[in-house]
Amino acid sequence: MSKEETLDFSEDIIDNKVESFPFFPIRFMFLVISVMALTPVFQRPINIWIIIACILVSLFTLQVVSIQTRITVDFANNKYREYNTFCGFKIGKWYSFKGFKIITITHSDTVVKMTGRFGSPEVYGNSTDFHLNLKKDNYSKLNVASGSYEDMLKKAVILAHRYKVGIMDCSEKPNKKYDYAEIEEKYPDQTI
């Protein structure tokens with residue numbers, strides 16, 4: 001796999017979704033409100049101000065349905081931004097990011113609820129998502145990506161080769177820490 005495919009088509013910029021509202025119940029409720037707000041528009045006779053108000057309510061609630069929190073890390077210029085995006089608008093500002101000491105891969109703390117059919121009990125389990133973090137020290141970390149373990153490990157190896165830093169794999173206990181020499185030995189061609 002080439003660097004461009006692994007790092008979202010650019011070796012200098014990573015842009016990933018950090019979080020969004022879960023579809024049910026929050027986004028689903030606002031989607032229902034948005035559709036219901038448009039119902040008076042199709043009734044007759046109606047005042048123009050009611051039509052405008054209904055359209056505005058519908059547009060506002062659609063924004064809540066589509067909102068996401070994302071992060072962009074620009075390695076070439078050593079800066080990052082966390083921003084909210086909705087309906088094509090991006091709100092956030094750039095911050096300086098001067099180097100990092102280690103890359104960590106951590107397991108998501110999200111609990112997933114699974115329900116069966118026909119009244120079977122609910123089962124709870126851990127999410128299968130993992131996070132790729134860039135750490136300056138024990139207190140400053142930047143969550144730059146989330147996804148499957150294999151994808152996060154590929155991105156971590158490429159970044160480790162590029163910036164000559166180590167990787168700490170916190171996906172299982174005990175944590176595994178690799179310095180850059182071990183990464184060069186285990187993954188000499190920057191692929192897994």
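# Exercises on strands, core and buried residues

Lys79 stands opposite Ser96 in strand E5. Strands (E, at least two residues) and helices (H or I, at least four) are DSSP runs, numbered from the N terminus. The model is predicted, so local features need pLDDT of at least 70 and side-chain atom pairs count only at pLDDT 80 or more, while totals for chains, interfaces and linings use all residues. Residues are numbered from 1 along each chain as its sequence is written, and side-chain values use heavy atoms, with hydrogens and water left out.

## Exercise 1: the pairings of E3

Task: find which strands E3 is joined to, and by how many bridges.

Solution.

Step 1. Two strands count as paired if DSSP finds at least two bridges between them. E2 and E3 (residues 79-86) run antiparallel and are joined by seven bridges. Gln68 has Thr85 of E3 as its bridge partner.

Step 2. E2 and E3 form a hairpin with four residues between them, and Asn78 in the turn has a positive phi of about 50°.

Step 3. E3 is also joined to E4 (residues 89-91), by three antiparallel bridges. Here Phe86 is partnered by Phe89 in E4. The hairpin of E3 and E4 has two residues between the strands; Cys87 in its turn has a positive phi of about 50°.

Step 4. The pairing of E3 with E5 (residues 95-96) is antiparallel and rests on two bridges. The pair Lys79 and Ser96 belongs here.

## Exercise 2: the largest nonpolar core

Task: state how many residues the largest nonpolar core has and which elements give two or more residues to it.

Solution.

Step 1. A nonpolar core is a set of buried Ala, Val, Leu, Ile, Met, Phe, Trp, Tyr and Cys residues joined through side-chain atoms within 4.5 Å. Buried means under 20% relative accessible area, exposed over 50%, and partly exposed in between (1.4 Å probe, protein chains only).

Step 2. The largest such core has 25 residues, and those with the most contacts inside it are Ile103, Ile105, Leu132, Leu134, Leu142 and Ile167. The elements giving two or more residues are E2 (68-74), E6 (102-107), E9 (130-135), E10 (141-147) and helix H4 (149-163). H4 gives the most, six residues.

Step 3. In soluble globular proteins, nonpolar side chains tend to be buried together.

Step 4. E9 and E10 pair antiparallel over six bridges, and a hairpin joins them through five residues. Leu134 stands opposite Leu142 in E10.

Step 5. Leu132 lies in E9 and is buried, at 0% relative accessible area. Its C-alpha atom is separated by 5.1 Å from that of Ala145, 13 residues apart along the chain. Beyond four places in sequence, Leu132 touches (heavy atoms within 4.5 Å) residues including Ile103, Ile105, Leu142, Met152 and Leu159.

Step 6. With neighbours within four places set aside, the contacts of Ile167 include Ile102, Ile103, Ile105, Ala156 and Ile183.

## Exercise 3: Ser34

Task: decide whether Ser34 is buried or exposed, and find which side chain makes a polar contact with its side chain.

Solution.

Step 1. Ser34 is in helix H2 (residues 23-37). Its relative accessible area is 3%, so Ser34 is buried.

Step 2. A polar contact is a pair of N or O atoms within 3.5 Å; within protein, one must be able to donate a hydrogen and the other to accept it, and residues adjacent in sequence count only if both atoms are side-chain atoms. The side chain of Ser34 makes one with the side chain of Ser58, at 2.9 Å.

Step 3. Not counting residues up to four places away, Ser34 touches Ser58, Thr61 and Leu62.

## Exercise 4: cysteines and backbone

Task: say how many disulfides a search of the whole structure finds, then locate Pro174 and Lys164.

Solution.

Step 1. A disulfide is a pair of cysteine sulfur atoms within 2.5 Å. The search finds zero. Cys54 is buried at 11% relative accessible area, and Cys170 counts as buried at 18%.

Step 2. Pro174 is in the loop between E11 (166-170) and E12 (176-178). The peptide bond from Lys173 to Pro174 is cis, with omega near -5°.

Step 3. Lys164 is in the loop between H4 and E11. Lys164 is not a glycine, yet has a positive phi of about 55°. Its relative accessibility is 55%, so Lys164 counts as exposed.
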